[in-house]
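Morning, everyone. I have one structure to go through today. Please have a look at it first.

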Amino acid sequence: MTEMGGYRDRVAQVDLGEGAVEYRGIDDEDAEKYIGARGLGVKYVFDAGPDVDPMGPDNRLAFMTGPLTGTQTVMSGRIALVTKSPLTGTVTDSHHGGWSGARLKWAGLDGILLDGASDDPVYLVVEDGDVEVRDASHVWGKGVHDTIDELGEEVEGSVGKNLSVMAIGQGGENGVRYACVMNEDDRASGRGGTGAVMGSKKVKAVVVKSGTDMPKPADPETFKEGYQQAMEVIRESDVTAPNEGGLSMYGTNVLMNATEEMDGLPTKNAKYTSTEAYNGTEGIDVDAERVSGENVRENILVDEPTCHSCPVACKKEVEVQLHHKGQDMNVRTESYEYESAWALGPNSGHTDRDEVALMIERCNDVGVDTIEVGNTMAMAMEMTEEGKLDVGIDWGDSDRMIDLIDEIGNRSTELGDLLAEGPDRVGERKDAHDNKLSVKGQSIAAYDPRCMKGMAIAFATSNRGACHLRGYTPAAEILGIPEKVDPYEWEGKGELTATFQDLHAISDSFDICKFNAFAEGIEEYVLQYSGMTGREVTEDELFEAGERIYNLERYFNNLAGFDGEDDSLPGRFVEGHPDAIPGQGASEGELAELDLMKEEYYEHRGWVDGVVPDEKLDELGIDIGPGTGVSAGDSAAPADD
């Protein structure tokens, strides 16, 4: 058990096959090594075994908070869902904001571990440190929004005041490999298929009911110093300053125009590096500005809700009226995010702002990842153009896209069922590997690796498949945080990426919002963590914890069969690849020097062809599992792509 501040020292372990709940404390050594949330979640999922079937009962799904979750710490309202991904076969962690993480801590738990599978649909109710398993047959088959409404009434609470509901929609029930767990209608643990794992266990929702029992810091003076310092840098940042900074004013979609202007916005399944380059070549009327944060704020913004203890308020709630298939519709949704708007907009060949809002709302209700949906649709559009699909979808067919979201979530048509499998399996079934934009089975986000070379190595080496959030190098390449670097220069990006990856492993394990890193750094992290827990750490010790967590994830993946050959990129981005498509405009002629970056990255990490050697595991004190059997003396040359 741990007596450090910030923890409840209580984790519920639910045996769904038996309908039984047991409670365990948090081992003090585990808390020191892996912190919480993402780090502890990976440790607990590792304990269940890297070789499990992601959709089988032996795969564990962990809902985990960290020692700073639900405290006074700035931007501390997040929760991590950790499991083995049915989309990628890797370990994955996916976080969401709002209030469910804070409420789980206030309700007396650090986390919930879901083991086994129920024979019949169930949901969980958390209150006063206990978990109750209840029948969910009456909401099975319903969308997220109706499920949240019904269960909110059933638990006799007030959703949004003292209740949070984390639920799956039809996508999770039907095993869509990139299904989400949705929180409070519009906030998603979006990537990696956590919703599909939850659906395979026949768990429809987790309802958390709580007061506001906020953990107190063990060292109030140190915590106060860290809190005040964090608030100061957040207020001073051009990105995070409340009611002034770009993120606060426009949300994540502040990046749409910025990446478009630098020709770093993948367009038409990344055949182009901006909508301007696309229009100039094919004469198509597509303009990224129409779906930008600035356009949204000026025309359809109706509210700016926030998460627990967050002054930034990056969430932008919109309302649109539109006509679809003879029906007048009013749509209100909170999640008009940059990644969603890009994937369902420019990358799919259209930029209808209001229709994108409807697509996002549909994805949220069905419970599927907007990034993956947009990418698989763009892949299908390119396949249709090349004659690889008998029943396909044309570029920019937004009406068809809207209906296809439901078909994917319900697997109700041939095309919907195919796309529900994700890009790698579509590529295998249709001999269309050259049409997918995925790494380890997960599709890229809205940053072109021909323009931002840090994103090239970050996509390739992410432990959960292509991901911008494992190591967010655009902070330096676009925003100049902590300092501006040349986005087109490949040298130094391996070390930069590894540093961001370790730093984000720390914040994800606290669990605080990643956007704080636009202002805060390791100094603020040390003060807030030390003050809350009462455990004094140095900057080096905290960075080592981040490195340990990242290496534990890589070690899990190595045991699951992944190595340097899987640290790849889609061929159209890579220098020397036969499918390479050089960038245009400001990115004219650019391609990713992937082999050189991998060599630099592996050398910095101390890995051998993408594998953690046993000496590295010993150095970091990772003493679980059999080891990889790889020695640091083995060849470290990266595999050919």
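I'll take a helix, then a helix pair, then a tryptophan.

This is a predicted model, where local features need pLDDT of at least 70, side-chain atom pairs count only at pLDDT 80 or more, and totals for chains, interfaces and linings use all residues. Numbering runs from 1 along each chain as its sequence is written, and side-chain values use heavy atoms, with hydrogens and water left out.

Start with helix H20, residues 493–510. Helices here are DSSP runs of H or I, at least four residues, and strands are runs of E, at least two, numbered from the N terminus. At 1.5 Å a residue, the 18 residues of H20 should span 26 Å, and the end C-alpha atoms are 26 Å apart, so the two agree. The expected span uses one less than the number of residues. Is H20 enclosed or open? 16 of its 18 residues are buried, so H20 is largely enclosed by the rest of the structure. Buried means under 20% relative accessible area, exposed over 50%, partly exposed in between, with a 1.4 Å probe and protein chains only.

Next, the pair. H18 (453–461) packs on H23 (594–605) at about 70°, axes 10 Å apart. Axes are lines fitted to C-alpha atoms over the stretch in contact, and angles run from 0 to 180 degrees between N-to-C directions. H18 and H23 are therefore roughly perpendicular, a label covering 65 to 115 degrees.

Last, Trp99. It sits in the loop between strand S5 (91–96) and helix H3 (100–106). At 27% relative accessibility, Trp99 counts as partly exposed. Its contacts, heavy atoms within 4.5 Å, include Trp106, Asn183 and His308, leaving out residues up to four places away in sequence.

Notes. Angles under 35 degrees count as roughly parallel, over 145 as roughly antiparallel, 65 to 115 as roughly perpendicular and the rest as oblique.
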